[in-house]
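Visitor: I would like to go through this model term by term and hear what each label rests on. Please set the values against the cut-offs as we go.

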Amino acid sequence: MLFGAVNPSGRLAETVPIRLEDAPSYLNYPGENLHVRYGEGLFVGYRGYDARDLEVEFPFGHGLSYTTFAYDDLRVAADDDGLTVSLTVTNTGAVDGREVVQFYTTGPQGIVRPPRELIAFTAITLAAGAGSRVEMRIPRADLAIWETRARAWVVQGGEYVIAVAASSRDIRQEVRVTVAGDPVRVPLTPDSSVAELMANPVGAQVLGKLINDRRAGPSAADTELGIDTAGAVAAMPVGRIRSVTGGRGLTRDQLEQLLHAANTTAQ
């Protein structure tokens, strides 16, 4: 390998930071009293460096080579079972070599998630000057996130960015693709918003009059301050509905009965 008889093709499975203080786990490791808190959560490793846009010494997926590779014609097709990703990889150097092709995804906005995540990788060996088509299948389940409210893995619908790269910081090409989301039924609880409960036919029937009465007769303080409380009420947890009806309306027991009926109807 040192004399070029064999081309190196290993890749880093971690990020090498410029400073130890840049590491996502710096404030939590090694912990104390035999207890370590994994405070970086989803932003472990390269995800944390990317989220904070920090320069690094060597990025995740980086590796050395005596040759170079070109990535061209990236294509992504979505179907009910996942994604098919393909591209052409060409050895553009004078030495035979092996390249590790990495695929990263950026999901739709609206939830907390890393800016880019490794979703697949494959290795290809090419003679000097040779090229080949690489195709990867990404199962739909690999796009799923954990929905804490529904307590289930779900695929978020929307636009995804699929990137092909030689490392997490060496992005060669990107393609956008629209993926249909999974239907998600989130159980209604006292912490659900008034708007969420109003979207349920049972909830709308019971809450409609209370909300309409509130809109029809805003308080003197609201009028004096020029406050439109409709948006605030819609975002309010239903457990606090009595606070915007002057203590009238639903008792705690009545709210529990309403939520049970709404959840049963949603099924």
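Visitor: How much space lies in the second largest pocket?
Guide: About 170 Å³ lies there. The model is a predicted one, and the volume is computed from it.

Visitor: Which residues lie nearest the centre of the second largest pocket?
Guide: Its lining has 13 residues, and Arg11, Gly63, Glu99, Ala166 and Arg172 are those nearest the centre. The strands β10 (158–167) and β11 (170–179) each supply at least two residues of that lining.

Visitor: How do the residues of this lining divide into nonpolar, polar and charged?
Guide: Three are nonpolar, six polar and four charged. Gly counts as polar in this scheme, and Ala as nonpolar.

Visitor: What is the volume of the largest pocket, and which residues lie nearest its centre?
Guide: The volume is about 340 Å³. Of 21 lining residues, Ile111, Arg113, Glu117, Ala144 and Ile145 lie nearest the centre. Two or more lining residues come from each of β5 (97–106), β6 (117–126) and β8 (145–147). By class, the lining of the largest pocket holds eleven nonpolar, four polar and six charged residues.

Visitor: Why is Glu147 called buried?
Guide: The cut-off for buried is under 20% relative accessible area. Glu147 has 14%, so Glu147 is buried. This residue is found in strand β8. Apart from neighbours within four places in sequence, Glu147 is in contact with Ala152, Val154 and Val184.

Visitor: What share of the protein counts as buried?
Guide: Of its 267 residues, 35% do.

Visitor: What share of contacts between residues at least 6 apart in sequence joins residues at least 24 apart?
Guide: In this protein the share is 66%. A contact here requires heavy atoms within 4.5 Å.

Visitor: What makes β6 and β11 edge strands?
Guide: They belong to an open sheet of four strands in the order β6-β5-β10-β11, with antiparallel pairing. Each of β6 and β11 pairs on one side only. On average, neighbouring strands of this sheet are turned by 20 degrees against each other, direction ignored.

Visitor: How do you know that β10 and β11 pair?
Guide: Pairing requires at least two bridges. Nine bridges join β10 to β11, and the two run antiparallel. Val161 stands opposite Arg176 in β11.

Visitor: Why do β3 and β7 stand at the edges of their sheet?
Guide: The sheet is open and has three antiparallel strands in the order β3-β4-β7. β3 (69–79) and β7 (131–139) each have a single partner strand, so one side of each lacks a neighbour in the sheet. The twist from one strand to the next averages 15 degrees.

Visitor: How do you know that β3 pairs with β4?
Guide: Nine bridges join β3 to β4 (residues 82–91), and the strands run antiparallel. Against the requirement of at least two bridges, the two strands pair. Tyr71 stands opposite Val89 in β4.

Visitor: What is the phi of Asp73, and is this residue partly exposed or buried?
Guide: Asp73 has a positive phi of about 55 degrees although it is not a glycine. Most residues other than glycine have a negative phi. Asp73 lies in strand β3, and its relative accessible area of 35% makes Asp73 partly exposed.

Visitor: Why does Asp53 count as exposed?
Guide: Exposed means over 50%. Asp53 has 66% relative accessibility, so Asp53 counts as exposed. Asp53 is found in the loop between α1 and β2 (56–58), and has a positive phi of about 55 degrees.

Visitor: Which residues does a cis peptide bond join?
Guide: The bond joins Tyr29 and Pro30, with omega about 10 degrees. Most peptide bonds are trans. Pro30 lies in the loop between β1 and α1 (46–51).

Notes
Residues are numbered from 1 along each chain as its sequence is written. This is a predicted model: local features need pLDDT of at least 70, side-chain atom pairs count only at pLDDT 80 or more; totals for chains, interfaces and linings use all residues. Side-chain values use heavy atoms; hydrogens and water are left out. Axes are lines fitted to C-alpha atoms, for helices over the stretch in contact, and angles run from 0 to 180 degrees between N-to-C directions. On a 1 Å grid over the protein atoms alone, a cavity is a set of points where a 1.4 Å probe fits but cannot get out, and a pocket is an open set with protein on both sides within 12 Å along at least five of seven lines; lining residues have an atom within 4 Å of a point. Grid points are joined across faces, edges and corners, and a volume is the space filled by probe spheres set on the points. Buried means under 20% relative accessible area, exposed over 50%, partly exposed in between (1.4 Å probe, protein chains only).
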